[in-house]
Every structure is written in structure tokens, then in C-alpha cells.
Amino acid sequence: MAAIELNPRLAGLLDRRFPGVEVVHAGAADLPELLAERGLSADVVVSGLPWVAFRPATGLPLLPLVAGSLSPDGVFTQFAYTWTRWAPPAQRYLRDLHTTFEEVVLSRTVWRNLPPALVYLTRRPR
């Protein structure tokens with residue numbers, strides 16, 4: 001099991017707290033390279049990145065990189081805050097998910113989370 005974390009302090013904390021997980025200090029865009037170095041594909045990717053990070057002004061869009069890193073039956077899970085769901089970036093992101101994956105499921109609102117959240121669960125990258 002591996003985790004990628006951009007923030008070096010949080011990466012160090014995760015490394016100490018979860019000794020059975022390989023914590024790599026890197027960015028999400030490095031996922032394909034990190035997996036290739038290990039001869040792996042991802043079965044599951046969990047992300048809390050904001051939607052706008054998936055369509056950067058410069059560089060490669062992240063969603064194709066994540067989808068290309070998944071195994072054929074791979075699952076990509078994105079959690080987000082409910083109140084942002086209707087914003088234009090969220091609507092574009094949802095369209096991108098439907099274009100990139102065969103199945104896209106949105107959870108119910110998780111009211112016990114503060115702020116309330118929802119989860120996008122996608123399966124089978126195209």
C-alpha cells in the first residue's frame with residue numbers, strides 16, 4: 001500500500017503513523033511514474049484534491065493520469081464538500097468523470113462531516 005502526499009510535514013506524519021504504508025512525498029501528477037517505477041497499477045485511488053486541481057491552467061489534466069494509473073477494475077474515489085457541488089468547476093468535473101469512467105456514483109450527503117460532504121465513486125476507466 002502506498003500514499004502520495006505533497007506536504008512534507010504531513011507526509012512525515014503519515015509515515016510515522018502508518019508504518020505499513022509507503023508514504024511518498026510527491027504530487028498527484030507523479031502517480032504514473034511512481035507506479036511504473038514499482039511495476040504496479042493502482043486498484044484504488046482516494047483523493048481529496050479540489051476539483052480545480054484536476055484541470056490545471058498549465059500542465060497535464062490529472063483525471064486522465066489517475067484513470068491511466070488504475071487497473072482495469074480500478075476504483076477512483078473523490079470526496080468533496082456538498083456546498084461546492086453546484087459550482088461550475090464541480091459541474092465540469094462531473095462531466096469529465098462521466099467521460100473518463102464507465103460508472104460514476106454520487107453518495108448521499110454525509111451530514112455528520114463538517115462541513116457536509118459527498119463522495120464520487122467511479123469504476124472502470126475508459
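Four strands form an open sheet in the order β3-β4-β6-β5, with mixed pairing; two strands count as paired if DSSP finds at least two bridges between them. Because β3 and β5 stand at the edges with a single partner strand each, one side of each has no neighbour in the sheet. From one strand to the next, the twist averages 15 degrees. Strands β4 and β6 run antiparallel and are joined by 7 bridges. Phe76 stands opposite Thr122 in β6.

The model is predicted: local features need pLDDT of at least 70, side-chain atom pairs count only at pLDDT 80 or more, and totals for chains, interfaces and linings use all residues. Residues are numbered from 1 along each chain as its sequence is written, and side-chain values use heavy atoms, without hydrogens and water.

Helices (H or I, at least four residues) and strands (E, at least two) are DSSP runs, numbered from the N terminus. Helix α3 is mostly covered, with 6 of its 8 residues buried, that is, under 20% relative accessible area with a 1.4 Å probe, protein chains only. Among them are Leu62, Leu65 and Val66. The elements against which the buried residues of α3 pack (contact means heavy atoms within 4.5 Å) include the following.

| Element | Residues |
|---|---|
| α2 | 31–38 |
| β3 | 42–47 |
| β4 | 70–81 |
| α4 | 88–100 |
| β5 | 101–106 |
| β6 | 117–125 |

Elsewhere, strand β1 (residues 2–5) pairs with strand β2 (residues 22–25) in the parallel sense over 4 bridges. Within this pairing, Ala2 has Glu22 in β2 as its bridge partner.

Conventions
Buried means under 20% relative accessible area, exposed over 50%, partly exposed in between (1.4 Å probe, protein chains only). Axes are lines fitted to C-alpha atoms, for helices over the stretch in contact, and angles run from 0 to 180 degrees between N-to-C directions.
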